[in-house]
Amino acid sequence: MNLSLQKLFFTFVLLLLIQRVSGQSCQIKSDSIVCKDDFIGFEAIIPGGQASSYYWQLGTNNTSTLDQPTAQFNQLGAKTISVIVRFPNGSSCTASKNIFVHDRPVAGLKVMGSSNYCFSQNEVCIEDTSTPGQTGSGLASRNILWGDGFAQTTYNPSVNNKSCYSYPGSGKFALVMEVTDTKGCYSRAYDTVEIYHDGAPKFSYEFKEQCDSVVLCLKNHSTYDTSQKSAWYWNFGDGTIDSVNWNPPCHVYKDSGKYSVSLVSVKGNTCIDTTRKPDLVNYTPIHFNPDIPIDAGCMGTTFSLSETWNKTQTWEWSYEESPSTGYRFLSKSRSTSFTKDHPGTFPIRLKVSSGNCQKTFYPDTLILRGPIAHIKSRNKSLCTVSDSTYFCDNSDLTNMLSINHLWDFGDKYAASCTTHTALNQNVGSNCNFSKDSHPIHFFQAEDCYHVHMMVYDTISGCKDEIWTNVLVGREDPTTIPLTITGNKSCTGTGPDRTVNYSVGTCSEYMLNPDSAAGNHWNKNQVKGFYPATADSTGWITIGVVLLGNDNKECPGITSNPICTDTIWYHKFLHLNKQPIPELKISQQHTCFGSPMEFEISDQNNTELTSLSWDWGDGTFDTIQLNQSDSLPIKMKHTFTQKGKFKVVVAAVNAHGCQNNDTIDVSIGFNMHLANFPFICAGSCVSMRDSVYYTGDSLNYWSMSQRPEKVIWHWGDSSVDSTSNTKCYALPGNYQIKMIAIDSIGCVDSLTRSIQVGGIKAGIHGRHDSLLCSEILQMFDSSSVISLSSGEKIDTYAWDFGDDTRINTVKDPFHFYNQFGPFTIQLKVTSNFGCVDSTSTNLFVIGPEPSFEFVTDTFGCVPLTVEIKNTSKECSQWIWYFGDPKGSTLATKYDSNTVFTYDQPGIYTLHLYGADSINNISTGNKQFCSATYSQAPQKRQVVVLPKPKAQFGIPAKICVDQSFYAVSLADLTYTKHNWDFGDEGQRSSSNRNQSYVYRKAGN
């Protein structure tokens, strides 16, 4: 039997004998198993009375004299706990109990490489690599806190060692995995993951096109989280990459092609998001192409002008009439046409733009060739056959290349030959045809001759022709007809009252359309109208004067007077008076729904037979009048719409003559009130109202000096006429009514419904305090939705007061890793945007061991120190004194502790404080502990060795001669007591002491 077994055997025998002697029996109350490094408490159950002392054997070499000691075991296996209890009467009892120290499982947590950290596809998978402890207890459960408030519990975790989770939000999350074995021992493993926000990168763009390039300017609208490991780069599609500039400089493309532009965001090592705009840049260099198919033509030619590049945005065509006039605007269309009523040379200018590219072209000069045929003549009207008639070509011959003429005098009495003086053909002959530019012809008989001239260009082919009459002899006025077309038999100036005249004469004439109206003769008049008649009976006499002609601009000889004659067409035309209706109203603005009265009269006092009303609102009325009806006529109308209307009345008289009058009226006013379907309780709403008269953009209702005003009924019995802003404190449905009053007292109103919602944040099931920092505690949130229909809580934002926030979980789990007071805040947001928050205070109670030194911590061996336990929230303590023997002391009370160091050295003290609780979240018995430690100078004891006391004196000392004794001791000594052997002593703080011997001796 080895020594330890012998010792154990004799101890057992001794206890048995003591028990027999004492006659007392006692028991030990404690758990039968304990996890490594956990505290376990023991209590002696005695039969009765009060014990005087306890002596505990706590496992290996630890002892205690406490009534309820606590032990901590860091070695595995079976342990025997014994106690001897003594009583004041000298009796005692003993008890022993076997416990077993189980090893903790080894928690292992590995984030799998297949995990995806991009928010939209994120899935984090954990491999549980945990193993049982050395004592072999199987794993019973696994609890994973994913760091965002969500927790997963798995039983029999060895069957499935993989767990996956997709985070509903991005951010950094602390993973905690707790594994528990079948004996209730647990351990934890920790890791951190980061879910990257991968909202698609956003950017906007604009182009600045130039003539030889296109410039692309980009603006980054992405949300950039500086707390995440983010990077980004731009890919311009032409081989250019920019990974430096958040908003890059504008990029220039000069080569033709299509370019796709991308913004790539890289978060972490694997999360890549790309926003790509395919073929964003489709660049083709600008090639403006003015096109003018022909640049020369005869009079009457229309030139086509166009620009064919399909990206042109603006055009401005202009032409130059002459160098002195400059360029005149022609068109702003891509394609246009150019015509002129006279020949000439016209340079064309085109200004074009595409984006910022602007150019000016002078593509061509248009040549418009004559002729424009025109004849001047002398002796055009002859009273008798006497003189020759002279003809002059007065045509516009601009830009003609080869000028030729052909005259046909229309003279059936003349020879059918052609005179061409330049070629000496038929010179002196009175031919019916001529190619001269200024021919002469003698008409041999009285008649009306129709002379034709054609002028043409044999090179360009341009030509024009004209006719003129030559009268030889007098016309018989009685045979000259006057024809009138277009007459409506009523006076008036409208387009339907135009009169067309046609006088059947060979010569020119002058016409007086109404001889009774005065001497108003007009040459060759063909149109006119009669606003009234000079004769009260309505009859009109028209005068016509037949005119001869003697144009002296054309050279020639004349000896006869010019023939004239006058013709009167008496009472040729009869016109009836048209009515001139006059429409009046007392006021042009009235209230909607109120009838408006109109008054109609006839300024011409004709006999009205009917009035037709177009009210302008889509309704019409017609009334028939009798001879007995007197003017003015009154008519009422109630408009079915608000707004501004043009009222037209058509008056018809007994002769069927009609005329109109119009007047504008304004009915009511327009109102608009924007919808505010929902606000949150405690919020204010400013109603956006718009009130205006039709056709007037000014809002007079907002002008303080105007009579218009707005009154608000807010739906809660409050009325306001000064402000359009209302704050609602309570939820509910409110009918807001806006009443508007205009300048004449017209009243109108609009009603809008507004829903005032609200939510109430609340935290229930909470605790005011939690024990231990490593507890997993669930807070159940409860929020009350307001009375608003359809409103519900959308988001939960928790702030646990320890720099961790959870934004998506309604009832989150949380892990506190520190002690102290915390304020937990909950903010909830509804689907309508209402927000409310609440908070509660929580104190995480955990062991806070601490101590103070009562005595000095610096001294010589042996050094006894007294330590005051100043801990908080601890129920059990173990002192670790740090001496070579590894001395510890388990205590249950926070009284002062005394310890003696018997060897020199520097010793670090630790006070281990602990408590044990049941974790209601996991069901495990949880052990909480902490070790007190401060700066080194606060928790160290310095024990000095006792140095030898040495000194030196002179080898030879004379009587009555002073000498010094010099201390050679360690500098630790600061005070010296000197004994010089002749009963002379000195005490000094000085290391050197002087002395004098008064007699000789040893």
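**Close-up views of a predicted model**

Strand S33 (381-382) and strand S46 (539-547) each give at least two residues to the lining of the largest cavity. The model is predicted, with local features requiring pLDDT of at least 70, side-chain atom pairs counted only at pLDDT 80 or more, and totals for chains, interfaces and linings using all residues. Residues are numbered from 1 along each chain as its sequence is written, and side-chain values use heavy atoms, with hydrogens and water left out.

**View 1. The largest cavity.** Its volume is about 100 Å³. A search of the whole structure finds four cavities of 30 Å³ or more. A cavity is a set of points on a 1 Å grid over the protein atoms alone where a 1.4 Å probe fits but cannot get out; lining residues have an atom within 4 Å of a point. The lining of the largest cavity holds 13 residues, with Leu471, Arg474, Glu475, Leu546 and Cys563 nearest the centre. By class, the lining has five nonpolar, five polar and three charged residues. Strands are DSSP runs (E, at least two residues), numbered from the N terminus.

**View 2. Salt bridge Arg142–Asp128.** The closest N and O atoms are 2.8 Å apart. Arg142 sits in strand S12 (residues 139-145) and Asp128 in strand S11 (residues 124-128), so the pair links distant parts of the chain, 14 residues apart. A salt bridge places a side-chain nitrogen of Lys or Arg within 4 Å of a carboxyl oxygen of Asp or Glu. The count by this rule is 15. Arg142 and Asp128 are both buried. Buried means under 20% relative accessible area, exposed over 50%, and partly exposed in between (1.4 Å probe, protein chains only).

**View 3. Salt bridge Arg188–Glu178.** Here the closest N and O atoms are 2.9 Å apart. Arg188 belongs to strand S16 (residues 186-195), and Glu178 to strand S15 (residues 171-181). Both Arg188 and Glu178 are buried.

**View 4. Salt bridge Asp664–Lys646.** The N to O distance is 3.2 Å. Asp664 lies in strand S55 (residues 658-667) and Lys646 in strand S54 (residues 643-653), 18 residues apart. Asp664 is partly exposed because its relative accessibility is 31%. Lys646, at 46%, is also partly exposed.

**View 5. The loop at Asp768.** Asp768 is in the loop between strand S66 (763-764) and strand S67 (769-771). Its relative accessibility is 61%, so Asp768 counts as exposed. Asp768 and Val844 are 76 residues apart in sequence, but 8.7 Å apart in space, C-alpha to C-alpha.

Technical notes. 1 Å grid on protein atoms, 1.4 Å probe; cavity = no way out; pocket = protein on both sides within 12 Å on 5 of 7 lines; lining within 4 Å. Points joined across faces, edges and corners; volume = space filled by probe spheres on them. Helix = DSSP H or I, 4+ residues; strand = E, 2+ residues; numbered from the N terminus. Nonpolar A, V, L, I, M, F, W, Y, C, P; charged D, E, K, R; others polar.
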